[in-house]
Amino acid sequence: MKNKGLGEFEELVLLAVCILKGEAYGINVKQEVEKHSGRSILLGAVHITLYRLQDKGLLKSEMGGNTEKRGDRRKRLFEVTPSGMRQLEAAQDVRQKMWQLIPQLNAGH
Amino acid sequence: MPKKKFNTPKLANWLAAKCINKMYLEEFLGDLQEIYEDRMLVKGKRYARFMYWIDALHLLIGFSSFSLFKTQSNNTMMIKNMFKIAWRNAIRQKQFTVLNLLGLMIGISISLTIGLFIHHETTYDTFLPEIDRVYRVNQPNIWTDWTAQMSNTGPNVAVALREEVPEFEEVTRIMSLGSQITNYKAEAKKDKSFEESAFYAVENNFFEVFSFEFSEGNPKTAIEGPNSMVMTRTAAERYFGYESAMGKTLEVKQWDGTWQSFVVTGVLVDVPSKSHLQFDVLVSLNSYQAQMDRDGWKWIWTAFTTYAKVNKGTNMAALNDKIQAIPPKYAPATTEQIFNQSFEEFTAGNPWKLTLQPVKEIYLSEDPPYNAFGPVGNPQLVKVFMAIGILVLVLSCINFMNLSTARSSNRAKEVGIRKVLGSERGTLIKQFIFESTLFVAVSTVAALFIVNSSLGWFNAISGKELLLTPYLSQPAFIAVLLVFVLLLGFIAGSYPAFYLSSFKPIQVLKGKMSAGFRGKGIRNGLVVFQFTISMTLIICTFFVQKQLNYTSNLDLGFAKENVLQIGNIEQMGFDTERLKTELATMPAFTKVGKSFGVPPYVDSGDRYKSTEPEAPVVALSNLRVEADYLDVLGLEFLAGRNFDQALTTDQYKVILNEEAVKVLGWGGDDPSSAVGQFVALASGSEDKFEVIGVVKDFNFASVRQEIAPLIFINLDNNKVWDYGAGLSFYSMRLNPQVVASSEDLQTVLDRVEASIKAVDATIPFEYSFLDEDFENTFQEESRMSLVLNIFTIMALLIACLGLFGLAAFSAEQRLKELGIRKVLGARISELVVLFSSEFTKLFLIAMLLASPIAYFLVDQWLSDFANRTPIHIWVFAVSMLGTLAIAIATISYQSLRAAHKNPVDTLRSE
């Protein structure tokens with residue numbers, strides 16, 4: 001499973017978790033992804049992805065931070081694991097390399 | 001506690017809690033609520049709720065599969081496998097799946113709606129605490145022939161019960177006062193005056209027996225002192241708007257025109273609609289102390305209703321026996337002093353029995369037929385609906401069985417393989433039952449949505465206030481629903497399960513496709529059964545409709561059209577000649593007449609006899625009228641004449657209808673024999689009244705009843721003190737030439753209103769039309785017949801869905817046969833007839849079965865009516881041919897398709 005790489009949506013979710021630095025949970029991840037990608041996504045999709053990423057060992061989580069707004073329920077806060085970070089970087093690398101190989105773009109340099 | 005401002009959909013939460021692993025639940029519900037609140041603020045409740053459902057279901061699907069199928073225990077693997085098989089079969093046979101689901105969905109929706117209706121009708125008054133111990137005291141109807149019960153009693157009954165029976169914790173009585181004009185003199189504002197029709201006087205222990213919820217005031221003391229008044233929130237708002245009603249003074253107009261003041265001492269939460277006791281205003285009974293002191297000993301002043309609350313653990317049978325000693329002990333005072341008769345003479349041998357009726361049963365009981373304080377339900381209707389609910393469920397179960405067994409050939413191989421691989425029969429049965437339960441479960445969930453969204457529409461038709469959502473949060477309802485799903489799943493699935501699992505592997509794997517044809521006898525039997533039910537229902541609803549049309553078009557014996565009636569005339573006192581002259585001069589009216597009561601609401605009566613010796617005492621309805629009123633109605637005189645206003649001697653004359661002549665014993669064949677005879681009140685007074693005329697029988701009450709004996713008393717007769725309910729009316733016959741449009745009518749109404757307001761501005765203007773009043777007496781029936789029509793159509797639809805499926809199956813089975821016939825030269829029309837005839841035979845059998853059943857039911861039902869529509873054969877013919885046409889249309893699609901198939905395609909592969 002480890003070598004399978006990240007799906008596009010998984011990558012977006014993972015990035016959102018990084019941006020939110022330890023404060024990430026279902027709703028703000030959803031909002032973050034919606035904000036940057038400009039498309040609307042379902043809450044369930046976010047949750048499913050978060051858990052899938054956790055199963056892959058790219059995220060870890062703990063419960064915490066209840067607020068009155070949530071009817072006194074705690075949220076599950078997600079954080080990126082080192083292996084998650086590596087995956088992101090690897091994905092970034094692959095893209096970078098490929099971008100550089102596009103002839104039209106490099107023609108000007 | 002945080003305040004619960006945002007209520008998330010309960011059903012969704014419940015579902016989530018059941019299906020999602022505990023580990024995730026907290027954060028999911030938290031997230032859902034958080035996002036719900038955001039959405040609610042930005043886009044409103046509707047959107048938020050909708051999205052909540054979407055999200056919850058999404059999470060449910062995402063995560064229940066997570067927890068269910070990722071574990072490796074044997075059991076869950078098994079269930080997963082069963083799911084998979086069920087799903088694959090459902091997908092492979094889309095047409096059958098859709099037909100099955102549709103049939104079940106319609107069936108369950110209907111029975112669910114009916115279930116709600118029945119639950120609503122059978123749980124009246126249960127919202128009151130300790131109502132189990134409260135009984136209403138009924139007695140025989142002493143004003144008629146003593147056979148029916150009535151819920152009214154004299155004031156002394158409660159006194160006697162208190163005195164004699166310690167088993168009663170409380171005894172309380174309610175006095176009916178009729179409509180009361182109630183006025184609020186607000187300082188510096190216009191008076192607010194309303195006619196309160198649900199206005200009663202109650203005793204100070206009323207709220208000990210009926211603990212209605214107070215919104216302001218103290219239940220213990222509110223109705224204690226004289227001139228105190230308790231009203232419902234809605235009634236209070238009529239007078240005081242949003243101001244507090246407590247301590248305010250209202251004036252109530254008395255019969256003699258004076259005003260009595262009452263102080264508001266309590267405001268009640270509006271009386272729930274599911275109460276047999278409906279009221280707007282209650283006043284303390286001791287406000288009428290003088291009258292009670294004078295008449296409180298009477299047993300025939302039946303303006304009271306008596307309720308009693310028994311002690312805990314009372315032996316009701318013994319108590320019932322015990323109270324029978326009371327009438328012989330207390331009533332003689334009344335019979336002797338008022339009627340000059342002994343107790344035995346008055347009752348004429350009929351037992352004067354007091355009956356304790358549990359309050360919870362009042363709404364749905366037929367005896368006594370009336371409830372002074374609110375609506376009565378229709379127990380017959382509840383039974384009919386219950387039968388329809390069950391039948392419709394049976395129809396959809398049969399559909400399921402038929403479709404499942406019909407397509408068995410498709411699954412025969414599966415069963416064979418599974419058996420070869422070592423599957424036991426029990427496992428296969430489990431699989432099939434599981435599938436049917438799954439179908440039922442899916443249909444039930446869909447039915448919940450369907451019912452929830454269509455209830456408003458059902459309520460509009462039926463005039464009920466049913467709601468589904470309050471039930472959804474009740475664990476009992478959910479439990480019942482679950483049991484229902486399991487039970488129905490089992491019933492619908494059992495026959496197919498045992499049938500399918502009985503296949504012998506060798507036979508089916510050898511390719512003996514006869515499997516599909518096995519069980520055909522049973523299947524045909526079930527189709528016959530389905531259509532017997534549908535046809536019976538159709539014939540019955542046809543007759544319900546026919547009876548309704550018949551009654552609404554029935555010749556009542558007088559011209560009910562174009563009669564305008566205005567009420568509240570009694571408020572003007574007795575001298576209303578000036579108003580009459582004014583009305584009579586209007587060109588819109590051809591005739592104007594006054595009466596104390598108007599059809600169909602002539603419910604006052606008394607006991608009369610002819611003055612001949614040994615004449616029987618009979619109960620006659622009476623109506624106090626002037627001569628012109630009989631002309632307004634246009635009654636036909638068979639003998640004698642109408643009252644003559646010019647003759648003062650007519651004051652003590654009376655007019656009878658044919659039926660009255662008969663019961664008084666004057667040989668009804670010749671009405672003229674009654675003219676010149678005398679009648680007298682049976683109370684033993686000296687006065688006697690000469691009969692001057694006999695009118696042809698006409699319907700003056702609901703057309704449901706036989707025409708009762710009736711006596712017309714002259715308006716000015718001051719020797720008979722019966723004024724009906726004390727209400728008087730002017731009735732006017734409209735001149736259709738003058739009043740030709742609704743604008744004309746409005747002008748006329750405005751003018752009449754102005755004339756009344758000119759006499760006294762506080763008198764509310766109320767009018768009605770005679771024909772509309774009659775129509776309203778069977779409004780409930782018309783509504784229910786509409787509901788019945790809809791249910792019948794649905795039942796037929798379900799049967800047709802099943803038929804469609806069966807025809808499709810049969811077409812598939814016979815493709816080769818039809819192909820060969822075609823090759824050999826059969827025409828398409830011949831094939832269609834051949835194919836349809838298989839089913840037509842079944843309908844013919846169903847017809848033979850349905851007609852006697854329907855005849856029996858219709859005959860039974862009609863026997864309750866005094867005026868019944870004849871049972872014509874053509875109704876049977878029309879409804880059965882109609883059903884046949886619909887059924888043949890249903891299968892014709894399949895038969896045409898099968899017949900049109902190119903034989904090359906069907907015969908190519910073998």
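This is a predicted model: local features need pLDDT of at least 70, side-chain atom pairs count only at pLDDT 80 or more; totals for chains, interfaces and linings use all residues.
Helices here are DSSP runs of H or I with at least four residues, strands are E runs of at least two, and both are numbered from the N terminus.

Residues are numbered from 1 along each chain as its sequence is written, and chains are lettered from A and ligands numbered from 1 in the order in which they are written.

As for chain B overall, its 910 residues are 36% buried, and its secondary structure comprises 30 helices and 24 strands. Along the principal axes, a box of roughly 105 × 75 × 60 Å holds the C-alpha atoms of chain B. Take the contacts (C-beta atoms, placed from the backbone, within 7 Å) with a separation of 6 or more in chain B: 80% of them link residues 24 or more positions apart.

Next, the nonpolar cores, meaning sets of buried Ala, Val, Leu, Ile, Met, Phe, Trp, Tyr and Cys residues joined through C-beta atoms within 7 Å. The largest one counts 78 residues, and B:Val392, B:Leu395, B:Ala795 and B:Leu803 have the most contacts inside it. Elements giving two or more residues to this core include helix 14 (379-406), helix 20 (520-552), helix 26 (779-813) and helix 28 (828-862) of chain B. Helix 26 of chain B supplies the largest share, 17 residues. Leaving aside residues up to four places away in sequence, B:Leu803 touches B:Val527, B:Ala887, B:Thr890 and B:Ile891. Another core, of 55 residues, lies apart from this one, and B:Val157, B:Tyr239, B:Tyr288 and B:Ala308 are among its members.

Helix 28 of chain B also carries B:Leu857. That leucine is partly exposed because 17 other C-beta atoms lie within 10 Å.

On the strand side, strand 15 (residues 589-596) of chain B is mostly covered, with six of its eight residues buried. Pairing takes at least two DSSP bridges between two strands. Strand 15 of chain B pairs antiparallel with strand 23 (residues 729-734) of chain B over six bridges, and two bridges join strand 15 to strand 17 (residues 618-625) of chain B, also antiparallel. B:Ser595 has a bridge partner in each neighbour: B:Phe729 in strand 23 and B:Val625 in strand 17.

Finally, the interface: 16 residues of chain A contact 15 residues of chain B. On the chain A side, helix 2 (26-37), helix 3 (43-55) and strand 2 (75-80) each give two or more residues, and helix 3 of chain A gives the most, with four. By class, this side has four nonpolar, four polar and eight charged residues, where Ala, Val, Leu, Ile, Met, Phe, Trp, Tyr, Cys and Pro count as nonpolar, Asp, Glu, Lys and Arg as charged, and the others, Gly among them, as polar.

Note on methods. A residue is buried if 20 or more other C-beta atoms lie within 10 Å of its own, exposed if 12 or fewer, and partly exposed in between; C-beta atoms are placed from the backbone. Two residues are in contact if their C-beta atoms, placed from the backbone, lie within 7 Å.
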